[in-house]
Structures are given as C-alpha cells and as structure tokens.
Amino acid sequence: MAPAAASLTAPNALAATSLPFLHGRKSGGGGVSVHAGAPSPSRAVAVVARRLWGSASSSRRMVVAAATAAEMAPAASGEEGKPFVEEMRAVAMRLHTKDQAKEGEKEPQAPPVARWEPSVDGYLRFLVDSKLVFETLETIVDRAAVPWYAEFRNTGLERSEQLKKDLEWFKEQGHTIPEPSAPGTTYASYLEELAEKDSQAFICHFYNVYFAHTAGGRMIGKKVSENILNKKELEFYKWEGNLSQLLQNVRNKLNEVASSWTREEKDHCLDETEKSFSYSGDLLRHIFT
C-alpha cells in the first residue's frame, strides 16, 4: 500500500523536523505502510498532558510529528497482548495533527515543508551529529552491558559507515566537515547514560531513531537532495537487502524482548517517547539554521 500524500510542516523558519516515529514498512508498490496499537485512555491523557510544557519544545515536537504523517496507518486496538511495537507507534501517532492522522491530537502550527530552505552547512552539521548518534547506538549494542542488547547487533539498519562515506564525499567536493556539536554530543551522552541504567528507556530511543530514518527520514533526505545536492542520493538513505524484511526482523526482536517486561516497564519505555522526539528534533534543526 503506497502512502497517502501528506503535508509536512515546520514551526518556523529556523525549525526543522525530527526523525523519530517515522516507522514504516516498505510495500511492494514502493511506498511505506505501518500500523500502530493505541495505548490505554489513561496513557493517552498522561502523554498529552506531558506535551503541554514549553512553546519551544512544543514547536519541536510539532515538526517531528509532521514528518511522520505519510508513514503512518490507522492504529490497531490497544488491547493487552498486542505486539509492543504497535504501542510504541501509537504513542507517536498522538503527536500528529488531525490532518496528518486521525489519531492526532495537535493543532496545525506550521508552514508546509515545501517552504523549507536547507543549507549545505546546516545539513553537514546534521550528518555529523547523526553519525555520532548512530555510532553510539552501535557501540552500545556491541558492548551489550545489558545482555539482550546483543540481539540488536548487525541488524542491517546500521548507518555510521554509510554516513562516513557521505562525509568523505562532501569533503571531496571541497566542503569542510565540522566537529560534532552540542545536539549530537548531548544526545550521545544521554544514550550512554540510559544504556547503563535504564534499558527500557534506551530501547525507546533505539527503536525510534532507526525506524524513523527508514521512513520519514528518507522523505526529508529526498527534499534536501532536491534542493541542495542536485538530487544526489546519499549512502545514508540506502540499505543492503530487503529493507522491509530488515525492519520486520527488528520488530520481531523488539516484541520478543518486551514480552518479558512488566506493564510498568512497558509504560516506562513509552514515557520516553517525548524525549526521543526532542533530542532528534534538535539534530534535524541543523538543516534549517
């Protein structure tokens, strides 16, 4: 099933979108389709309440949700026993506006993505910080301080080597490659901290970063490529093998790991979703500043 057309939005001229919650399965027609399991009513109320803090953070989350719209299908019921990945998607769905998804709970506050004006310098900052974040995720699962992290080694979704190649290409074109900046180093440090002391929260970020990039992240990359790279497709947006199957393999592992969690642990993982939006939103903001 190909995705329906969607209007992507940004909060203002300096804002950008985030990758989390762009969780898709590539269909035979070349599109991306997903479905999400809705959380309980009490969870929905709690998540919405927590989103009302700070206008800057609200704007950031708004753009995050916008980039997801074309990748999301209607949520399934939130009954216990549904795969946990569906619950994770459902929490993200509620950060959409109603014109992006029927489960959305936000009011439109931003212009369409067609008005964005990305810069090469900003995009390079985004790629450098993204490389650090992906390297950190890969290092954490390789180290496997929590034994079941090892389940997520060599999934085929890893991106650090692809980003390394892309940055080399930019260097060959005469561009100066910057050092990682605060959004990237701050997020990487936070992931390291979570990985050691809060595995449920860490896996929320792992899921959102990887799945986001394979869906809405590609939409953003295509837009940037058309605007400033003469439509060049970076390695960042290419995968070896069947991407749909790679994603399903990770879904299965996530669901298997979460099947041993208590309801409280699952809820704690879902509670981390908003932070995932926020951190990744800071990275994507580079592109438009």
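## Briefing on a predicted helical and stranded chain

The accessible surface of the protein chain comes to about 12300 Å², and 50% of that surface belongs to carbon and sulfur atoms. The structure is a predicted model, and its secondary structure comprises 11 helices and 4 strands. Of the 289 residues in the protein chain, 55% count as buried. Among the contacts in the chain with a separation of 6 or more, 85% are accounted for by residues 24 or more positions apart.

**The nonpolar core**

- The largest nonpolar core has 59 residues, and the members that touch the most other members are Tyr123, Phe126, Leu127, Phe202 and Phe206.
- Helix 4, which spans residues 120-143, gives the most to this core, with 10 residues.

**Packing of helix 3 against helix 7**

- Two packed helices are described by the angle between their axes together with the distance between those axes.
- For helix 3 (residues 84-93) and helix 7 (residues 199-214), the angle is about 75° and the axes lie 12 Å apart.
- Because angles of 65 to 115 degrees count as roughly perpendicular, helix 3 and helix 7 are described as roughly perpendicular to each other.
- On the helix 3 side the contact is made by Val85, Met88 and Arg89, while helix 7 contributes Ile203, Cys204 and Tyr207.

**Backbone with positive phi**

- Most residues other than glycine have a negative phi, and the two residues described next are set against that background.
- Ala144, although not a glycine, has a positive phi of about 50°, and Ala144 lies in the loop between helix 4 and helix 5 (160-172).
- With a relative accessible area of 17%, Ala144 is buried, since buried means under 20% relative accessible area.
- Lys231 is likewise not a glycine and has a positive phi of about 70°; this residue is found in the loop that lies between helix 8 (216-228) and helix 9 (243-258).
- Lys231 has a relative accessibility of 63% and therefore counts as exposed, the cut-off for exposed being over 50%.

**Residues apart in sequence, with their separations in space**

- Phe277 lies in helix 11, which covers residues 273-284, and Phe277 is buried, its relative accessible area being 0%.
- From C-alpha to C-alpha, Phe277 and His205 are 9.0 Å apart in space, although 72 residues separate them in sequence.
- Glu86 belongs to helix 3, the helix that packs with helix 7 at an angle of about 75°, and at 9% relative accessibility Glu86 counts as buried.
- The C-alpha atoms of Glu86 and Arg251 are separated by 9.4 Å, whereas along the chain these two residues are 165 residues apart.
- Glu179 is found in the loop between helix 5 and helix 6 (182-197), and with a relative accessible area of 66% Glu179 is exposed.
- Glu179 and Arg125 are 54 residues apart in sequence, and their C-alpha atoms are 8.0 Å apart in space.

How values were computed. Residues numbered from 1 in each chain as written. Predicted model: local features only at pLDDT ≥ 70, side-chain atom pairs only at ≥ 80, totals over all residues. Heavy atoms only, no water. Axes fitted to C-alpha atoms, helices over the stretch in contact; angles between N-to-C directions. Helix = DSSP H or I, 4+ residues; strand = E, 2+ residues; numbered from the N terminus. Parallel < 35°, antiparallel > 145°, perpendicular 65-115°, else oblique. Contact = heavy atoms within 4.5 Å. Buried < 20%, exposed > 50% of the residue type's maximum accessible area, 1.4 Å probe, protein only. Areas by Shrake-Rupley, 256 points an atom, 1.4 Å probe, with all protein chains shown as cover. Core = buried A, V, L, I, M, F, W, Y, C linked by side-chain atoms within 4.5 Å.
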